[in-house]
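Hi,

Here's the structure I promised to pass along.

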Amino acid sequence: TEVGKLTTNLQWISVFDNSLDGPIPTELGELTLLHTLALYFNSLTNAIPTELGRLTSVENVDFNSNALTGKIPTELGNVVGALRLWVNDNSLTGKIPTELSKMPMISSLKLGGNKLRQDGPIPDTVTAMNLVLLDLRGCGLTGTVPEMTSSRFRILDLSDNHLSGDLQTLLSRLLSLESLMVDNNLLTGTVTNLNSLATLSARNNLLQGFLARAPYNTFQLSFYDVSQNAGLTGTASWLANVPSLRYGSVLHACQPGHQPPEDPYKAECALCPVGFWKDTWSTSSSAACLPCAGSFTTTATP
């Protein structure tokens with residue numbers, strides 16, 4: 001192919017969002033001096049070439065949001081210089097290769113949004129990585145969330161799996177975590193301390209407790225969603241007093257007999273005692289269900 005004519009001294013390929021289609025050229029594996037290979041937001045198909053395992057110097061590999069299929073090649077574990085490997089939001093299948101643990105420099109790993117089916121716990125090889133960001137959305141994970149050894153974690157997305165265990169225990173292990181997404185799992189317990197969290201999304205789990213009891217350390221909370229947890233009761237009026245909050249959701253329901261707003265992002269009425277909406281993306285917005293409509297309007301600075 002024409003790619004084979006590229007100079008082997010090439011260090012940067014970035015052709016994202018260009019409507020590219022077809023397979024990733026195997027000849028890219030000959031460009032051993034590459035530092036960045038960014039092909040995201042295209043329509044690339046077929047399997048990730050095993051030849052890319054020759055790119056031992058590449059630091060950033062980003063194939064997210066394509067239509068790639070097949071298994072994640074074990075040869076990617078040979079890319080020892082990689083800092084970031086993003087292959088999320090494709091149609092990749094199989095299990096998470098243990099060989100990825102051979103990438104000693106990696107800090108950002110995104111595998112979510114594929115058709116991976118681990119059918120077991122988060123692999124030890126992944127939990128042992130010294131990661132800052134980990135995305136394992138919808139990877140068929142089961143069992144309890146193991147202890148993560150990295151002290152650098154900032155962003156963790158484990159949504160759409162079958163993970164169990166106590167949510168607060170997980171938070172207590174990851175004190176530097178800023179964003180945690182665990183929607184659609186089987187997590188239990190009560191959130192009592194947010195530590196450094198700015199984002200907590202724990203929709204549709206098995207959480208329990210009283211919403212009226214505000215967790216500790218809400219000082220930088222901007223997104224809080226614990227809706228669709230049947231074991232949570234009461235109101236969460238404390239959310240209204242969190243100055244940094246942009247969105248808070250606790251039950252996605254209004255009082256019996258009340259009809260929620262038509263806007264799906266405002267499925268709770270701020271006047272009903274089951275939820276709270278605070279909008280800082282627009283200067284004025286109604287957040288009341290039909291019986292309360294017109295009686296509540298919030299104005300906020302974007």
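Below is what turned up, going from the core to the rings and then to one loop serine.

One thing to keep in mind: this is a predicted model.

**The core**

The largest nonpolar core has 68 residues, and the members touching the most others are Leu37, Phe63, Leu136 and Leu180. Among the contributors, helix α2 (residues 167-173) gives the most, with 3 residues.

Leaving out residues up to four places away in sequence, Phe63 touches Ile24, Leu37, Leu39, Tyr40, Ile48, Leu52, Leu68, Trp86, Val87 and Asn90. Two of those names, Tyr40 and Trp86, come back below.

**Aromatic pairs**

How many aromatic pairs does a search of the whole structure find? There are 3. Tyr40 and Phe41 make one of them, edge-to-face, with 5.4 Å centre to centre and 70° between the planes. Tyr40 has a relative accessible area of 18%, and because the cut-off for buried is under 20%, it counts as buried. Phe41, at 43%, is partly exposed. Ring pairs also bring in Phe16, which joins Tyr40 and Phe41 in a cluster.

Then there's Tyr224 with Trp238. Their ring centres are 5.4 Å apart with the planes at 70°, so this pair is edge-to-face too. Tyr224 sits in strand β16 (residues 223-225), while Trp238 is in the loop between β17 (231-233) and β18 (247-249), so the pair ties together parts 14 residues apart in sequence. Are these two buried or exposed? Both Tyr224 and Trp238 are buried.

**Charges over Trp86**

Arg84 lies over the face of Trp86, 4.4 Å from the ring centre. Lys110 also has its charged end over the Trp86 ring, at 4.3 Å from the centre.

**Ser159**

Last stop: where is Ser159? You'll find Ser159 in the loop between β10 (155-157) and β11 (162-166). Despite being a loop residue, Ser159 has a relative accessibility of 6%, so it counts as buried. Setting aside residues up to four places away in sequence, Ser159 touches Leu136, Arg137, Gly138, Met181, Val182, Asp183 and Asn185. Leu136 in that list is also one of the core residues touching the most other members.

That's everything from my side; over to you.

Cheers

Key. Residues numbered from 1 in each chain as written. Predicted model: local features only at pLDDT ≥ 70, side-chain atom pairs only at ≥ 80, totals over all residues. Heavy atoms only, no water. Core = buried A, V, L, I, M, F, W, Y, C linked by side-chain atoms within 4.5 Å. Buried < 20%, exposed > 50% of the residue type's maximum accessible area, 1.4 Å probe, protein only. Helix = DSSP H or I, 4+ residues; strand = E, 2+ residues; numbered from the N terminus. Contact = heavy atoms within 4.5 Å. Phe/Tyr/Trp six-rings, centres within 6.5 Å; stacked < 30°, edge-to-face > 60°. Lys NZ or Arg CZ within 6 Å of the ring centre and 35° of its normal.
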